[in-house]
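Subject: Model handover and notes

Hello,

Please find the structure below, with my notes after it.

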Amino acid sequence: MIGVRVLRRSRWGRKALAAMNIIGSQGTRLAFALHRGPETVDGYKMYLSRHGGPSLSFAMALLSGKYEQETKQLLERVIQRGMTALDVGAHVGYYSLLFARWVGPEGKVFAFEPEADNCALLRKNIALNHCTNVFPVPKAVSDHSGTLKLFVSSQGNDRHSIFENPRSVVRESMRKIATVSLDDFLAGEGWPRVDLVKMDVEGAEPLALEGMRELIHRSRQFKLAVEFAPEALRFGGNDPARFLQRLAELGLSVGSIEGGGEVRLWQASDFPKLASEAEARGMINLYCTKV
């Protein structure tokens with residue numbers, strides 16, 4: 001971990017990390033192809049690779065049970081049977097499957113994943129685990145409904161983004177994808193009650209946030225778990241501390257998810273410090289609730 005932090009401090013170090021990620025992604029794809037069967041993750045059977053594999057760091061953390069342990073502990077306490085949860089940036093369905101278990105047959109999970117290969121794996125994993133309460137949505141969540149370009153990362157199928165990664169050592173391919181704002185989507189569903197939104201969209205969080213303002217306004221007990229990765233935010237031209245401020249402006253508390261799934265609340269005056277901490281660690285997951 002210390003070595004990774006040192007590499008992140010320089011342009012060439014970040015490019016070296018990107019190169020290692022590409023090699024790792026190809027290696028995991030080959031390993032999964034040779035294995036052929038699904039992997040076992042948190043009691044679920046899951047396929048993690050199709051035409052492209054996940055980043056090595058993601059695959060190792062997931063298969064060892066160490067992936068976002070603190071966030072998982074918190075959300076397992078927060079989510080109750082009968083709730084409706086939105087998995088924004090569902091990837092191949094890790095959180096979607098967990099949410100399906102926690103909300104029970106009375107609840108619902110809407111899983112948003114725009115990239116075709118990932119969405120195919122998401123659907124396959126949902127069917128494989130008989131999660132009839134999970135509904136995949138093959139769209140990216142943004143501030144408007146329409147279309148955008150998606151940059152498909154060779155560093156892993158968990159790293160696709162609507163923003164180009166300037167430190168990618170190979171040119172990223174582009175695909176046109178459909179987008180939807182959460183406000184538009186929920187209006188089309190007749191405004192069902194939404195209890196929790198989990199969001200990890202590789203730097204597009206500010207856009208998705210602007211597209212859910214009506215949802216936040218309508219929800220009395222709105223809860224948001226969101227990835228806060230300063231570098232990814234800058235790829236989209238967004239200031240990390242300003243994103244934190246925007247959360248507060250929309251009436252949300254801002255807390256970092258710490259060990260044991262505990263939440264450390266931050267005041268607006270300390271947002272620059274939180275941004276610096278997230279920069280040093282690469283990313284921090286936030287937990288925000290309506291004040």
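This is a predicted model: local features need pLDDT of at least 70, side-chain atom pairs count only at pLDDT 80 or more; totals for chains, interfaces and linings use all residues.

Residues are numbered from 1 along each chain as its sequence is written, and side-chain values use heavy atoms, with hydrogens and water left out.

Whole chain

The protein chain has 12 helices and 13 strands; helices (H or I, at least four residues) and strands (E, at least two) are DSSP runs, numbered from the N terminus. Of its 291 residues, 53% are buried, where buried means under 20% relative accessible area, exposed over 50%, and partly exposed in between (1.4 Å probe, protein chains only). The accessible surface of the chain is about 13500 Å², and carbon and sulfur atoms hold 53% of that surface; the areas come from the Shrake-Rupley method with a 1.4 Å probe, and for residues only the protein chains shown count as cover. Among contacts (heavy atoms within 4.5 Å) with a separation of 6 or more, 72% join residues 24 or more positions apart.

Helices H11 and H12

Two packed helices are described by the angle between their axes and the distance between the axes. For helix H11 (residues 240-249) and helix H12 (residues 271-281), the axes come within 9 Å and cross at roughly 125°. Here axes are lines fitted to C-alpha atoms, for helices over the stretch in contact, and angles run from 0 to 180 degrees between N-to-C directions. H11 is therefore oblique to H12; angles under 35 degrees count as roughly parallel, over 145 as roughly antiparallel, 65 to 115 as roughly perpendicular and the rest as oblique. On the H11 side, Pro240, Ala241, Leu244, Gln245 and Ala248 meet Phe271, Leu274 and Ala275 of H12. By class, this contact has seven nonpolar residues, one polar and no charged, with Ala, Val, Leu, Ile, Met, Phe, Trp, Tyr, Cys and Pro counted as nonpolar, Asp, Glu, Lys and Arg as charged, and the others, Gly among them, as polar.

Helix H5 (residues 94-103) is mostly covered, with nine of its 10 residues buried. Those buried include Tyr94, Tyr95, Phe99 and Trp102. Glycine 104 follows H5 and has a positive phi, near 75°.

Asparagine 118 lies in helix H6 and is buried, with a relative accessible area of 2%. Leaving aside neighbours within four places in sequence, asparagine 118 is in contact with His91, Val92, Glu113, Asn157 and His160.

Strand S7

Glycine 146 lies in strand S7 (residues 146-152) and counts as partly exposed because its relative accessibility is 31%. Beyond four places in sequence, glycine 146 is in contact with Ile177, Ala178 and Thr179. Glycine 146 and alanine 178 are 32 residues apart in sequence, and their C-alpha atoms are 5.8 Å apart.

Two loop residues

Most residues other than glycine have a negative phi. Histidine 130 has a positive phi near 55°; histidine 130 is in the loop between helix H6 (116-128) and strand S5 (134-137), and is exposed at 67% relative accessibility. Tryptophan 191 also has a positive phi, of about 55°. Tryptophan 191 is in the loop between helix H7 (182-188) and strand S9 (196-199), and at 23% relative accessibility counts as partly exposed.

Regards
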